[in-house]
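Biologist: I would like to learn how to read ring pairs, pockets and cavities in a model. Where do we begin?

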Amino acid sequence: MTILFNHQLIDRSQARIDIEDRGYQFGDGVYEVIRVYEGKTFCLPEHVERLQRSAREIGLKLPYDGQRLEELLLQLLHANRIHNGTIYLQASRGVAPRSHPFPKKPQAVIVAYTNEAERPYASLNNGIGAVITEDIRWLRCDIKSLNLLGAVLAKQYAAENGCEEAILHRDGRVTEGSSTNVFRVKDGTLYTHPANHLILHGINRAVTLELAQELQIPVKEESFTTDALFQSDEIFVTSTTMEISPVITVNGRKVGDGKPGKVTRQLQQAFEKRI
């Protein structure tokens with residue numbers, strides 16, 4: 001497999017990450033996951049722009065601009081001949097003797113690689129189960145950082161309860177999923193948490209909001225409680241890899257009639273046309 005390592009494409013077997021890389025020791029870095037459909041990237045400029053924003057927010061200087069990064073990622077995609085799959089991209093603050101403050105002359109380390117992955121048809125068609133758990137993550141969830149332990153623990157909690165996703169809350173108010181954005185539908189109106197520091201403004205979240213506008217589905221970007229979540233007519237989650245996946249149970253309780261709902265299906269169909 002060919003990977004991107006800093007400024008060049010190399011064979012994966014040639015890649016070496018230093019044990020004092022700050023991404024490895026501190027989670028000091030940012031990342032993106034980009035979807036590939038039929039050999040073409042989906043929303044690549046938006047992902048690169050978000051990576052740049054995340055990097056700025058943590059004071060990490062990337063070694064090249066967005067245009068050059070896009071060019072390298074497309075070269076990587078072509079080299080590995082990915083049809084349907086993902087590109088994983090991360091930037092760490094680089095290698096330096098272990099010390100909490102930033103190194104005086106940091107040099108970011110860029111790594112990107114590809115994976116073949118089919119679309120999640122079972123989840124899209126049949127829906128998924130979710131559990132509710134406390135949001136224990138830090139307060140800058142708008143930064144797509146390498147610090148994912150809170151999300152990992154939430155996802156593991158979901159897995160241990162036979163579910164595909166965990167829906168997070170802070171003091172009873174729903175924020176997002178462990179790796180997704182959460183939407184609810186009530187009386188034909190779409191609700192989702194506003195894009196502030198408590199959630200990641202997902203790329204597919206943005207696409208979904210655009211599609212809702214095109215379909216003239218009313219949208220309210222406002223927080224809601226876990227009690228309101230249980231009263232929803234429909235619930236779905238969005239992410240790069242899960243697209244628009246219906247949630248048909250929460251904590252073992254049916255959402256609506258326990259089947260993907262009308263509004264969710266409308267948005268899925270519009271998303272299908274978009275990709």
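Modeller: With a definition. Rings of Phe, Tyr and Trp form a pair if their centres lie within 6.5 Å. Planes under 30 degrees apart count as stacked, over 60 as edge-to-face, and the rest as tilted. Keep in mind that this is a predicted model.

Biologist: How many aromatic pairs does a search of the whole structure find?

Modeller: The search gives 5 aromatic pairs. Take Tyr88 and Tyr113: the centres are 5.3 Å apart, with 35° between the planes. That pair is tilted.

Biologist: Which strands hold Tyr88 and Tyr113?

Modeller: Tyr88 sits in strand β5 (residues 85–92), and Tyr113 in strand β6 (residues 109–116). The two are 25 residues apart in sequence, so the pair ties together separate parts.

Biologist: Is Tyr88 buried or exposed?

Modeller: Buried means under 20% relative accessible area. Tyr88 has 18%, so Tyr88 counts as buried. Tyr113 has 28% and counts as partly exposed.

Biologist: Which residues do ring pairs link into a cluster?

Modeller: Tyr31, Tyr88 and Tyr113.

Biologist: How is a ring pair described in general?

Modeller: By two values: the distance of the centres and the angle of the planes. Now apply them to Phe183 and Phe236. The ring centres are 4.8 Å apart and the planes meet at 10°, so this pair is stacked. Phe183 belongs to strand β10 (residues 181–186) and Phe236 to strand β13. The pair links distant parts of the chain, 53 residues apart. Both Phe183 and Phe236 are buried.

Biologist: Rings can also have a charge over the face. What lies over the face of Phe102?

Modeller: Arg93, at 3.5 Å from the ring centre. Phe230 has Arg253 over its face, at 4.0 Å from the ring centre.

Biologist: Let us turn to empty space. What shows where it is left?

Modeller: Rolling a probe the size of a water molecule over the atoms. In this structure, the largest pocket holds about 760 Å³ of space.

Biologist: Which residues lie nearest the centre of the largest pocket?

Modeller: Tyr31, Lys144, Leu148, Ser178 and Ser179, out of 35 lining residues. Several elements give two or more residues to this lining: β3 (29–37), α2 (44–57), α5 (149–160), β9 (173–177), α6 (203–214) and β13 (234–239). The largest share, 6 residues, comes from α5.

Biologist: What lines the largest cavity?

Modeller: Leu229, Phe230, Ser232, Ile235, Val250, Arg253, Lys254 and Val255. Here we meet Phe230 and Arg253 again, the ring and the charge over its face. α7 (226–230) and β15 (253–254) each supply at least two of the lining residues. By class, the lining has 5 nonpolar, 1 polar and 2 charged residues.

Biologist: How does the second largest cavity read?

Modeller: About 30 Å³ of space lies there. Its lining includes Val48, Gln52, Leu62 and Ile110. α2 and α3 (66–80) each give at least two lining residues. The class count is 6 nonpolar, 2 polar and 1 charged. Note that α2 also contributes to the lining of the largest pocket.

Biologist: One last item: single residues. Is Ile34 buried or exposed?

Modeller: Ile34 has a relative accessible area of 0%, so it is buried. Ile34 is found in strand β3.

Biologist: Where is Ile275 found?

Modeller: In the segment after α8 (262–274). Ile275 has a relative accessible area of 30%, so it is partly exposed.

Methods:
Residues are numbered from 1 along each chain as its sequence is written. This is a predicted model: local features need pLDDT of at least 70, side-chain atom pairs count only at pLDDT 80 or more; totals for chains, interfaces and linings use all residues. Side-chain values use heavy atoms; hydrogens and water are left out. On a 1 Å grid over the protein atoms alone, a cavity is a set of points where a 1.4 Å probe fits but cannot get out, and a pocket is an open set with protein on both sides within 12 Å along at least five of seven lines; lining residues have an atom within 4 Å of a point. Grid points are joined across faces, edges and corners, and a volume is the space filled by probe spheres set on the points. Helices (H or I, at least four residues) and strands (E, at least two) are DSSP runs, numbered from the N terminus. Rings of Phe, Tyr and Trp (its six-membered ring) pair if their centres lie within 6.5 Å; planes under 30 degrees apart count as stacked, over 60 as edge-to-face and the rest as tilted. Buried means under 20% relative accessible area, exposed over 50%, partly exposed in between (1.4 Å probe, protein chains only). A charge sits over a ring if NZ of Lys or CZ of Arg is within 6 Å of the ring centre and within 35 degrees of the ring normal. Ala, Val, Leu, Ile, Met, Phe, Trp, Tyr, Cys and Pro count as nonpolar, Asp, Glu, Lys and Arg as charged, and the others, Gly among them, as polar.
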